[in-house]
Amino acid sequence: MEKILSDKKAIFLFVFPAFLVFLVIVLLPIFFSFYYSLLKWDGFSKGVFIGLQNYKNLFINNTDGFIISVKNSFILAVLSVFIQLPISLLLALILSRGIKGEKFYRTVYFIPVILSTVVIGQLWMKIYNPNYGLLNFILTKIGLQSLTNQWLGNTKTALGAVFVPILWQYIGYHMLLMYASAKSIPTDIYEAAKIDGATESQIAFRITIPLMKPILKVCVIFAVIGSFKAFDLIYVLTNGGPLHASEVPSTLMYNMIFFRYQYGYGSAMAIFIILESLIGTIIIQKLFGKDEAY
Amino acid sequence: MKNIANKNNKRGMKKIGLYLLEAMLVIWAIIQLYPLFWLFLFSVKNNTEIFGGNILGFPRIWQWSNYSEALSSGNVGRYFINSSIVTVLTIVISSILVATSAYAIVRMKWKYSKLVLTIFLMGMMVPIHATLLPLFIILKNLNLLNTYASLVIPYVAFAIPMGIFILTGFLYTIPRELEESAFLDGCSIYKSFYYIILPLIRPALATIAIFTYLSTWNELMFANTFINNDAIKTLTVGIMSLSGQYQTEWGPIGAGLVIATIPTILIYVLLSEQVQKSLVVGAVKG
């Protein structure tokens with residue numbers, strides 16, 4: 001049996017195809033990207049090695065909107081952590097304590113998560129449409145005509161307008177993660193607390209939330225990293241415009257590479273996004289401290 | 001007396017609190033669902049209603065022809081078929097690759113199994129941004145741009161890490177006795193994999209398939225970059241170009257969006273628990 005299970009040919013046949021595809025498509029390109037980021041290259045002529053110049057250009061005397069884009073992605077990260085996650089947490093706490101229709105609400109809240117971002121983006125584009133959109137229509141109907149706006153076309157409102165659907169779409173996702181975690185807490189802890197006269201909010205803040213720390217950490221990491229990498233909805237809604245008002249690093253990277261043919265400089269942005277995500281993950285891990293549960 | 005009144009009062013407060021909570025949950029359900037319902041409404045309206053003040057309510061005339069227009073002149077039928085081909089190929093190929101490699105990693109005895117597993121799992125953290133341009137160049141040099149392969153190959157590759165993560169976890173929970181006795185009876189490793197393991201890991205494969213379906217069906221960045229031939233476009237890219245063409249035709253665009261969503265909603269209605277599970281299970285790893 002040992003012989004069968006250490007059959008080299010079978011192991012090779014089983015593992016090699018997957019490993020090869022994975023290596024060539026997922027891992028190697030990262031090294032390529034890093035290499036490209038050291039070049040001045042338009043994709044047609046031969047690239048010239050310029051060391052870290054592309055990275056310097058990202059931060060020193062930058063005029064192409066990169067600094068704004070990083071700032072915007074940070075704002076999105078902050079909003080995700082301090083608006084999106086608290087709403088998810090509240091919903092998760094209510095649902096996990098057993099309320100009528102628990103399963104129904106959970107199922108409904110999760111629907112936006114599984115829909116294509118293109119569908120969500122197109123839908124919100126119609127909601128924001130200045131002439132016939134849902135938002136301006138409702139504002140007019142309730143007498144707040146003065147608030148109607150060219151939501152996506154106005155540099156003042158574009159950023160907020162693209163953030164709303166992003167936050168809206170993934171509230172259900174975080175809720176479900178938190179809900180699953182809250183549900184796994186043994187109920188006798190609650191019963192004991194109740195006998196001792198604890199109120200529902202005391203139970204939530206003193207028992208449930210502390211016990212959910214591992215999943216809260218995961219949610220914060222997802223929310224922050226997801227914000228650093230945000231692309232789809234912004235690309236569909238504004239493509240970073242108007243005048244970089246809603247630009248994030250990945251939309252800028254995309255346009256830099258595929259519309260302005262700055263392969264080297266765009267790759268530096270890609271590498272920046274990976275490093276930013278990695279460092280972000282490590283910092284959040286540290287902030288939450290070592291967790292005992294997992 | 002006072003005590004009883006107090007108790008009643010407390011119970012009353014609790015009831016009010018409960019109603020408030022329920023009201024909140026209902027309002028939130030409306031916030032999550034109404035935009036989607038509104039999408040359906042304008043997908044069955046004509047322009048006179050949409051641009052003539054009936055943007056909110058039910059259509060006066062149900063304009064189902066928006067759907068046939070989206071399917072035929074809007075090309076959504078073509079995009080739908082393309083998305084289906086790409087998604088089915090991705091799920092089938094990635095399931096085979098994941099099942100065989102996870103099996104060899106967990107069950108078979110070789111020196112580098114742990115190392116290979118670690119490398120695979122590292123892939124879960126790789127953002128597709130970082131691979132976009134190199135893949136574009138590779139696919140261009142191989143003359144694969146504007147083919148189904150240009151999407152299926154990357155989708156399969158990116159489905160592998162999560163699949164292996166889920167399946168290796170599942171395989172550890174399956175007892176070895178069945179295989180062991182099969183080997184004693186002279187069964188080969190291939191037969192044991194096919195006849196014993198494959199049927200046992202079907203639940204995990206289903207979870208992986210749902211996860212892969214969602215990420216493939218909804219993928220935008222690769223599809224937008226590697227495909228510009230209308231005949232090969234998948235739904236996400238196709239709808240982007242459709243909305244560029246039909247800026248003033250909300251009905252057909254809405255219909256296209258609804259059509260693109262139907263399979264996902266159908267799967268969700270039939271398998272809501274499994275869909276939720278498949279998206280949560282990957283998060284545990286963090």
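This is a predicted model: local features need pLDDT of at least 70, side-chain atom pairs count only at pLDDT 80 or more; totals for chains, interfaces and linings use all residues.
Me: How far apart are the end C-alpha atoms over residues 79–103 of chain B?
Reply: The unreviewed UniProt entry annotates residues 79–103 of chain B as a "transmembrane region", along with other stretches including residues 193–214; UniProt positions are given in the numbering used here, feature names are shortened, and annotations may be inferred rather than shown by experiment. In the model, residues 79–103 of chain B are 100% helix and 0% strand, and the end C-alpha atoms lie apart by 36 Å.

Me: Over residues 80–271 of chain B, how far apart are the end C-alpha atoms?
Reply: An unreviewed UniProt entry gives residues 80–271 of chain B the annotation "domain: ABC transmembrane type-1". Over these residues the chain is 78% helix and 0% strand, and the distance between the end C-alpha atoms is 21 Å.

Me: How many helices does chain A have?
Reply: The C-alpha atoms of chain A fill a box of roughly 80 × 75 × 35 Å, taken along the principal axes. UniProt's unreviewed entry places "domain: ABC transmembrane type-1" at residues 70–284 of chain A, a stretch that is 75% helix and 0% strand. For chain A as a whole, the count is 2 strands and 14 helices.

Me: Is His174(A) buried or exposed?
Reply: His174(A) is found in helix H8 (residues 158–183) of chain A. Leaving aside its neighbours within four places in sequence, His174(A) is in contact with residues including Gln84(A), Ser88(A) and Phe222(A), where contact means heavy atoms within 4.5 Å. Relative accessible area (1.4 Å probe, protein chains only) is called buried under 20%, exposed over 50%, and partly exposed in between. Because its relative accessibility is 3%, His174(A) counts as buried.

Me: Is Arg206(A) buried or exposed?
Reply: Arg206(A) has its place in helix H10 (residues 200–211) of chain A, and its C-alpha is 57 Å from that of Phe49(A), which is 157 residues away in sequence. Since its relative accessibility is 66%, Arg206(A) counts as exposed.

Me: How many residues does helix H1 of chain B give to the side of chain B that touches chain A?
Reply: The contact takes 84 residues from chain B and 83 residues from chain A. Between the two chains there are 16 residue pairs in polar contact, both residues at pLDDT 80 or more; such a contact is a pair of N or O atoms within 3.5 Å, where within protein one must be able to donate a hydrogen and the other to accept it, and residues adjacent in sequence count only if both atoms are side-chain atoms. On the side of chain B that touches chain A, the largest share comes from helix H1 (residues 2–43) of chain B, with 16 residues.

Me: Which residue of chain B forms a salt bridge with Arg106(A)?
Reply: Side chains of opposite charge can pair when their charged atoms come close, and a salt bridge is counted when a side-chain nitrogen of Lys or Arg is within 4 Å of a carboxyl oxygen of Asp or Glu. There are 2 salt bridges between chain B and chain A. Arg106(A) is buried at 9% relative accessibility. At 2.8 Å between the closest N and O atoms, the salt-bridge partner of Arg106(A) is Glu273(B).

Me: How many residues apart are Glu179(B) and Arg107(B)?
Reply: The side chains of Glu179(B) and Arg107(B) meet in a salt bridge with an N to O distance of 2.7 Å. The pair links distant parts of the chain, from helix H8 (residues 177–184) to helix H4 (residues 76–107) of chain B, and the separation is 72 residues.

How values were computed:
Residues are numbered from 1 along each chain as its sequence is written. Chains are lettered from A and ligands numbered from 1 in the order in which they are written. Side-chain values use heavy atoms; hydrogens and water are left out. Helices (H or I, at least four residues) and strands (E, at least two) are DSSP runs, numbered from the N terminus.
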